Amino acid sequence: MEGKIIDSNKFVLRQTVRCYDVDASMRLRATAFMDYAQEMAYLAAEAMNFGYEQMIKEGKAWVLSRLHFIFEDTPRWGEQIELNTWHKGPSGPFYIRDFTVTDPETGKIRVRGTSSWVIMDVVARRMVRSAEAMELVDPVTQRSEQAIEENAQRVAIPRGVEPIKAGTHTVGYSDIDLQQHTNNARYVLWAMNCIDTNTIKEHPFKELTVNFNHETRANDVVDLLVHQDGLTIYVEGVCGGNQVFCLKVDLYD
């Protein structure tokens, strides 16, 4: 991926939707969009001098905590798209980064999203205090534009229901990222594989919200629990008594 900063701190990249990033209906998979978004976030932060290389020298790293995406007009195989990202600065314990996918000819927004990140001390394995975090990210790099006005929310399986165990996943080689734990996009992939393929074919993704609550590493075994309420589906990952992630998907009618 190559991109550039334009128009006051917005990182922009154009590309074609590739065959291996779409599902059987030729629509961009949610997991592929997550891959795009994560790479864009790293590239944009690097370009503004608070990316992986700069942070790791300080013993720190960005960790994705929550995200919320709305698929208004999901791109399809072979279409040209423009990916945009910018950060909105701190909000409580989080730093907020927004995304859009637009039609490069018309400017029409096809996907919009927001994500919440924390800065982690990689040795102590703890969140960095707000005051210390603000020293690492220059406020001049933030932008006030809103892709989604409200920050990504907490997700939980509704009370009083008993989710169904859809299976387990043992964390393996292809799941591990450069920080030596499971890449967040892999949790979404596991969750998507718990949903009936015909359901997704007939009812495309409308919204996806996910919380990443606990890290996992190679050889950890994660139980996958599912609860479906009409066109709203929850998937929870549990490992060693800890909720690893919780995801909510809303499908189009």
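Author: Let us begin with accessibility. Glu79 has a relative accessibility of 27%; since buried means under 20% and exposed over 50%, with partly exposed in between, Glu79 counts as partly exposed. The model is a predicted one.

Reader: Why is Arg110 called buried?

Author: Arg110 has a relative accessibility of 7%. The cut-off for buried is under 20%, so Arg110 counts as buried.

Reader: What makes the contact of Arg110 and Glu79 a salt bridge?

Author: The side chains of Arg110 and Glu79 meet at 2.8 Å, N to O. The criterion asks for a side-chain nitrogen of Lys or Arg within 4 Å of a carboxyl oxygen of Asp or Glu, so the pair qualifies as a salt bridge. Arg110 belongs to strand E6 and Glu79 to the loop between E3 and strand E4 (80–91), so the pair ties together parts that are 31 residues apart in sequence.

Reader: Why is Lys165 called exposed, and which class does Asp223 fall into?

Author: Lys165 has a relative accessible area of 51%; exposed means over 50%, so Lys165 is exposed. Asp223, at 28% relative accessibility, counts as partly exposed.

Reader: How do you know that Lys165 forms a salt bridge with Asp223?

Author: The closest N and O atoms of Lys165 and Asp223 are 3.4 Å apart. The limit is 4 Å, so the pair counts as a salt bridge. The pair links distant parts of the chain, with Lys165 in strand E8 (residues 164–170) and Asp223 in strand E10 (residues 221–229), 58 residues apart.

Reader: What lines the largest pocket, and how do its residues divide by class?

Author: The lining of the largest pocket comprises 28 residues, and Val63, Leu64, Asp177, His181 and Asn184 lie nearest its centre. Helix H1 (30–47), strand E3 (60–71), strand E6 (109–121) and helix H4 (184–192) each give two or more residues to this lining. By class, the lining holds 14 nonpolar, nine polar and five charged residues. The space in the largest pocket is about 570 Å³.

Reader: How confident is the prediction along the protein chain?

Author: The average pLDDT of the protein chain is 92, and 97% of the residues score at least 70. Confidence is lowest in strand E1 (residues 4–6), with a mean of 65, and highest in strand E11 (residues 232–239), at 98.

Terms used
Residues are numbered from 1 along each chain as its sequence is written. This is a predicted model: local features need pLDDT of at least 70, side-chain atom pairs count only at pLDDT 80 or more; totals for chains, interfaces and linings use all residues. Side-chain values use heavy atoms; hydrogens and water are left out. On a 1 Å grid over the protein atoms alone, a cavity is a set of points where a 1.4 Å probe fits but cannot get out, and a pocket is an open set with protein on both sides within 12 Å along at least five of seven lines; lining residues have an atom within 4 Å of a point. Grid points are joined across faces, edges and corners, and a volume is the space filled by probe spheres set on the points. Helices (H or I, at least four residues) and strands (E, at least two) are DSSP runs, numbered from the N terminus. Ala, Val, Leu, Ile, Met, Phe, Trp, Tyr, Cys and Pro count as nonpolar, Asp, Glu, Lys and Arg as charged, and the others, Gly among them, as polar. pLDDT is the predictor's confidence in each residue, from 0 to 100. Buried means under 20% relative accessible area, exposed over 50%, partly exposed in between (1.4 Å probe, protein chains only).
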